[in-house]
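Visitor: Please take a single part of this model and look at it closely, along with what surrounds it. I would like the terms given with their cut-offs.

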Amino acid sequence: MPKYAVETRSTEPKNFFAGDFPTLPESGTAGAKLAEHTPVAKGEDGSIVAVTAETIDKVVGITAEAAESGEPVVYFMTGEFFADAITLPDGVEIEALKDSLRKLSIFLR
């Protein structure tokens with residue numbers, strides 16, 4: 001006689017959008033694997049890559065979804081988002097990123 005078990009799952013949704021400020025999406029080609037909600041910049045070849053501590057001043061937006069290298073990627077060029085929902089690349093601090101994002105009309109709460 002087979003034994004049955006009850007599977008238990010749980011999720012903890014994380015709010016990304018923090019307000020009604022209009023979002024402006026743009027698309028490009030991922031120059032490397034990108035996680036969802038990652039601040040991005042344009043690479044030397046025009047592809048979209050995650051920001052680094054050195055490229056914070058060149059940020060162009062925040063990814064809407066994850067993308068593999070060479071795939072199309074959508075990123076937000078404006079909007080109001082929760083800071084704790086942002087996926088920060090290694091070496092990038094949220095406080096250092098805020099000023100560069102404000103110049104694009106991206107506001108973090």
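Guide: Thr63 has Tyr75 as its bridge partner in S5. This is a predicted model, in which local features need pLDDT of at least 70 and side-chain atom pairs count only at pLDDT 80 or more, while totals for chains, interfaces and linings use all residues. Residues are numbered from 1 along each chain as its sequence is written, and side-chain values use heavy atoms, leaving out hydrogens and water.

Helices (H or I, at least four residues) and strands (E, at least two) are DSSP runs, numbered from the N terminus. Two strands pair if DSSP finds at least two bridges between them. S4 pairs with strand S5 (residues 72-76) in the antiparallel sense, over two bridges. S4 also pairs with S2, again in the antiparallel sense, over three bridges. Here Pro39 has Ile62 of S4 as its bridge partner.

Why is S4 largely enclosed by the rest of the structure? Five of its five residues are buried, so the rest of the structure largely encloses it. Buried means under 20% relative accessible area, exposed over 50%, and partly exposed in between (1.4 Å probe, protein chains only).

S4 (59-63) is also among the elements that cover the buried residues of H1, along with strand S2 (39-42) and strand S7 (106-108). Those buried residues of helix H1 (residues 94-102) are Ile94, Leu97, Lys98, Ser100 and Leu101.

In soluble globular proteins, nonpolar side chains tend to be buried together.

Phe81 is in contact (heavy atoms within 4.5 Å) with several residues beyond its neighbours within four places in sequence, including Ile62, Phe16, Phe76, Ile86, Ile106 and Leu108.
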